[in-house]
Amino acid sequence: MVRTIAATAITAVSLVLLGIQFASMTVDSGVLPSFAPRGACSLTLGEIVSGSGVVAIRAGDAVDQRALPSAARIFLASGSVRAGGPIALPIARDGQSTVVQVETSPQPPWFFWFFAILSKLIVYGVGALVLWRGRDLAAFFFGISSLAIAVAVHPEPSSWLEPGMQVWYTIVARMSADVAALFLYIMVERLSGQALSRGWLAVARTVVVGGLAADAVSTIVYVRDVAAGVCASSALAATVTIPFMLVLVATLVVLTAAYVASSGAARQRVKWIFASTLVGFSGVLIYLGALIVGRPIPSYPIMNVTMVAIPIGYSYAILRHRVIDVGFAINRAIVFTAITTLVVIVFALLSGVIERAAVGPGAGLVLQVAVALALALSFNALQKRVETAIDRIFFRRKHRAQAELAKAADEAPFVTRAEILLDRAVKIVRSELGACGSAIYLADADGSYRRSARSGADFSANIPVDDPAFVRLRTYLRDIDLADVESVLGRSGCLFPLAAHGRLMGALVCGDRRSEEPYDPDERSAIRSLAARVSSALEGLRAREFGQLVRQLAEGTLDADQARVRARSLIADL
């Protein structure tokens, strides 16, 4: 309940913050400044291209914060200004003082913002899906981090707001980066396991918490100082970007330690997380490093290009290697993400049409209201179409496999020969799920487990009675991942118990897929159901054989030796 409330609040707040950015893109000039502190009272500017496409400010030009007019201060502090009149920037260039007029019109075409919208929606969509569908804390932390990244990644235009509100919005948006870094580090630490000692983890936590606290304070103070045109403290100006860099480096160190310490399947699980985080952080580190050396570079689109690597890489790791426990069944979270993405893109496209089609403010407003009303009325129909399309495109094979496994489970009690029942079960598991192989083991007279059916990969013919995997099966009577135990069967695949009346009579082994894609919870549930029905069917066949033995003994058709052999085979697993 608490987690649901938290997820709802975080989703609502991030949607509002993103909505302000998307609304601002419809009125913003698209002139994106970058600067680095130059002492306590001056700023070194990066190259600024005016709305007309002319380079207005060269890289290395300097401005005195105290000499800036109010509009210029808000422009530099927020990185955003409405299209309209020019912004006057008094600069020092080559030892000369001059005032440069930065044109903020015409407004850029809609495709100027396309990559920003696309990257933010990708990050947000993945984050929302994992936040709402994830089943463990690592998924919860990653979801929060992704939603915060979507808000914080540049650009974060705010010109739809009044100038005074722009400053506070900029502070909130940039502090979202601190929130993203905090929860991403927590997730990375949870995934790292025992890769670092407690002492080193304490050092990393101190760096992260202290760095984020320092960065939050410096963000608030420095943005307000620039907006107010007052000098910052020399120490703050000199170190404003360093704390956040240290946080990113500490996160990479912990993740690197986890990758180096892992092996086999565990390394595969961490590899994509490690690689995508390294690429995702690279753009931010390059940008912050340029600020430290006093050579600011444009943040857009370098951060967007690299930051998209994190949700893409994490998504692959989640779906392929179960780094984070996420539910896979299609539900309204997926539909919500798809609908949100589609609607925002449609509004972005229609925005350009409205600007060109409207003859005046009144006509533009009427058209916008009409489009919004039409989309609202068609939302339910659109939702159903998207849901059907997602189901047909992405989940057709999965639904077919589940249906075939369910059919085999339903028919299992009506198969009259055990060897046919077992052979059919292993073949259908392998063929429908794309497994490398499947096998069924049944208890033997000496307590070991004998391979009774196989399809595909060559599994061991006999398993010792105290094999760790079978010991765990007997203890808990629930499916296990072979990667979690040492077993004669190896470290890949899953093991499902064949049990009846609370005792283990054997096991169904399902090898890994040839594609290396893990079995999702719905598929595992289908295999579990098939194993349970096969167990019941075997128990029924054995009961019938007991009945036949008793009848033959009563009729005198079996001699003592034959009866003894039959009885031993029937009680092998008791």
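Tutor: In this predicted model, two strands count as paired if DSSP finds at least two bridges between them.

Student: How do you know that strand E2 and strand E5 pair?

Tutor: Strand E2 (residues 42-45) and strand E5 (residues 62-64) are joined over three bridges. The cut-off is at least two bridges, so E2 and E5 pair. The sense of the pairing is antiparallel.

Student: Which residue in E5 is the bridge partner of Thr44?

Tutor: The bridge partner of Thr44 is Ala62, in E5.

Student: What is the order of the strands in the open sheet?

Tutor: The five strands follow the order E1-E2-E5-E6-E7, and their pairing is antiparallel.

Student: Why do strand E1 and strand E7 stand at the edges?

Tutor: Strand E1 (35-38) and strand E7 (96-102) each have a single partner strand, so one side of each lacks a neighbour in the sheet. From one strand to the next, the twist averages 40°.

Student: Which strands does helix H2 touch, and what makes that a contact?

Tutor: Helix H2 (residues 70-78) packs on the sheet and touches E1, E2, E5 and strand E6 (87-93). Touching here means heavy atoms within 4.5 Å. The direction of H2 makes about 80° with that of E6.

Student: What share of the protein chain is called buried, and why?

Tutor: Buried residues make up 48% of the 574 residues. Each is called buried because its relative accessible area is under 20%. The protein chain exposes about 26,700 Å², with carbon and sulfur atoms supplying 62% of it.

Student: How many helices and strands does the protein chain have?

Tutor: The secondary structure comes to 19 helices and 13 strands.

How values were computed. Residues numbered from 1 in each chain as written. Predicted model: local features only at pLDDT ≥ 70, side-chain atom pairs only at ≥ 80, totals over all residues. Heavy atoms only, no water. Helix = DSSP H or I, 4+ residues; strand = E, 2+ residues; numbered from the N terminus. Buried < 20%, exposed > 50% of the residue type's maximum accessible area, 1.4 Å probe, protein only. Areas by Shrake-Rupley, 256 points an atom, 1.4 Å probe, with all protein chains shown as cover. Axes fitted to C-alpha atoms, helices over the stretch in contact; angles between N-to-C directions.
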